[in-house]
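Please read it alongside the sequence and the model.

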Amino acid sequence: MYEQVSHSLLNDILIELEHDIKEENLQHFYIRLGANFYAIYSLFHQLYGHRDDFRQQLHALVKTLTYSYIARSQQLRKLDVAREKDHNWFLSQKWVGYALYCKEFAGDLNGLQKKLYYLQDLGINMLHVMPILDCPKGKSDGGYAVRDFRKINPDMGNLEDLDSLIKNLKKRGMLLALDVVVNHTSNEHEWAEKARKGEQKYQDYYHVFDDREIPDMYEETMPEIFPENSPGNFTWDEEMGKWVMTVFNDFQWDLNYRNPAVFIEMVDIILFWANHGADIIRLDAVAFLWKKIGSNCQNEREAHLILQLMKDCCQVTAPGVLFIAEAIVAPVEVIKYFGEDAINAKECEIAYNATLMALLWEAVATKRATLLNLGIKNIPDKLERATWLNYIRCHDDIGLGFDDNDIRLAGYEPKLHRNFLVDYFTGNHQLSSAKGVVFGINKKTGDARIAGSLASLAGLESALENSDMDAIQTSIKTIVLLHSMILAFGGIPLIYYGDAVGTLNDISYLDDEHKKTDSRWVHRPRVNWEQAELRNIPGSVENQIFGALKKMIAVRKEITAFADHNNRELLEVGNPHLFVFSRFDTININSRVLVICNFDVNTQALDIEELRKKGFLQYTSVQDIYTGDSISLANQHLDIPALGFYWLRA
Ligand code: GLC
């Protein structure tokens, strides 16, 4: 949009910058800057317009965008233009993601290159390598406490190694997602060190207080994120002689986005990684970006303005790059990270679907899809040009953030049901063979979360211990069933490293003094490549899981109805154990796939007549596109095997 005030300001800024700009080939940049500038100006003004230095700060921001564009390679600029043309490219069903810790998966970045064949064998083409940046040895929160945002952790390699990995990935047609931890830094970051030494400029980068007066006010309404390891939200820094806000661990200092200099620094860092060739930037802990006394300091309106501004800036310099929002919050809140009051995504294009993840585990425990059905209905339709990251396990815990009302509608009492789930997955329930570990117990509220590897939570660990063949099969079926959901649901499936070969819990973290109090490490194992090789031995557990996933991924990639365009319809089928939905191709809506999942350990019957009334299964037989089998619909009921699933197509 053209608007006089902002554009005349932009003219002035560009004239000032012109002296330094030697490059002439800035046509694309200027077009995008012109197109986005009013939005950038307005958002920046909303956030920082009251400051005397507003103009200087805006100047600094435009300079950052310009210099980052100048540094962007021709190859990446070409990719930007190609992606602008094919702007829905990432909604295609052909993308399948995988998240890993570089060190635990492959030792270092060079080692990772040598394992790409394994990922490609499975069908992976989007790789999320969790934080690889420089961080202190012990107090690192798995890399989420960054000491230097522009330096690779020397244990994993250097920038050249990353460049070489990226080149390799590009040749293989694989995307790379990298983290930018936007909410906080390590307490050993240069900014924190300078703040500690008393430099006001850098104390203003954080939330720093002389005494407890303001911190106490914040504490009235702020929850605790790591209540066991890091109770409270403020830490006393002895050397600085002040309190600093530390919402996560006490060594992770929250950045102060009320300071525009912080915003500009972080945009510069995002663009630095975009220019290194990251296709996707995962923005960590975005719900926490804005702190306000009297609130829980999550999902504040300003946090969204900051993300919109980051997106607008990134679109000017590196429009081909996508953002993932890591916001593990309620469905009505998470949907806003695509952008409020918009048609197209205008904040992050991708968001973690933590709701689906938690609901899937609930269905595993109860063997029913009742809460799953209710919970999914509560996820509002996503915007266009936005998609979910669907996952079963990730490097974090499983939080039980279901809607209390839904829990009641499903026939349970919320508190008791959450206790049941924690007990179920931590092996404290007689009907359960799961072997998880409790995480984040909050003694004040009674809340708890769950850690554990997919296989151990699905009962494989205890089944193997007991050499119980039936139980082994049950756990394999559970693992495959859960993947059938994330591969068919709509969105980018994100497979967690180790899960494709049934990796069990790893309790070696208990021997590490920096890890032993953080039970999430139980599911962050060092990959045992000898075990992974067993995937090639027919009949092995690894082979059964890997084979099933590989096949599902290959089938998914061929089915355009599995692309993500709000083309899913949930179907009520009257049997509480079944979760049924249809996916249709938006171009040819008659091309449908009916997905049926049975969460029960017994065979369950699907009433075909009921579905026929709704216009489905009008044939005498259909094909299960996963197995290739033809399925007869001659009877009134279709039997769905225990923990089985169908992907049915006419
Ligand atoms: C995100 C990460 C988590 C980390 C936290 C604090 O939630 O996924 O692992 O502990 O941010 O950085």
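A crossing of two helices is called left-handed if the near helix is turned anticlockwise from the far one by less than a right angle, and right-handed if it is turned clockwise. In this predicted model, the crossing of α12 and α13 is right-handed, and the structure holds zero disulfides.

**Helix packing**

- Helix α12, which covers residues 260-275, packs against helix α13, residues 301-317, at an angle of about 45°, and their axes lie 10 Å apart.
- With that angle, α12 and α13 are therefore oblique to each other.
- On the α12 side the contact is made by Phe 263, Met 266, Val 267, Ile 270 and Leu 271, while α13 contributes Ile 306, Leu 309, Met 310, Cys 313, Cys 314 and Thr 317.

**Cysteines**

- Cys 313, one of the α13 residues that meet α12, has its closest cysteine sulfur in Cys 314, and because the two sulfurs are 8.5 Å apart, they are too far from each other for a bond.
- Cys 313 has a relative accessibility of 0% and so counts as buried.
- Cys 348 is likewise in no disulfide, the nearest cysteine sulfur being that of Cys 314, at a distance of 10 Å.
- The relative accessible area of Cys 348 is 0%, so that this residue is buried.

Methods. Residues are numbered from 1 along each chain as its sequence is written. This is a predicted model: local features need pLDDT of at least 70, side-chain atom pairs count only at pLDDT 80 or more; totals for chains, interfaces and linings use all residues. Side-chain values use heavy atoms; hydrogens and water are left out. A disulfide is a pair of cysteine sulfur atoms within 2.5 Å. Buried means under 20% relative accessible area, exposed over 50%, partly exposed in between (1.4 Å probe, protein chains only). Axes are lines fitted to C-alpha atoms, for helices over the stretch in contact, and angles run from 0 to 180 degrees between N-to-C directions. Helices (H or I, at least four residues) and strands (E, at least two) are DSSP runs, numbered from the N terminus. Angles under 35 degrees count as roughly parallel, over 145 as roughly antiparallel, 65 to 115 as roughly perpendicular and the rest as oblique. Contact means heavy atoms within 4.5 Å.
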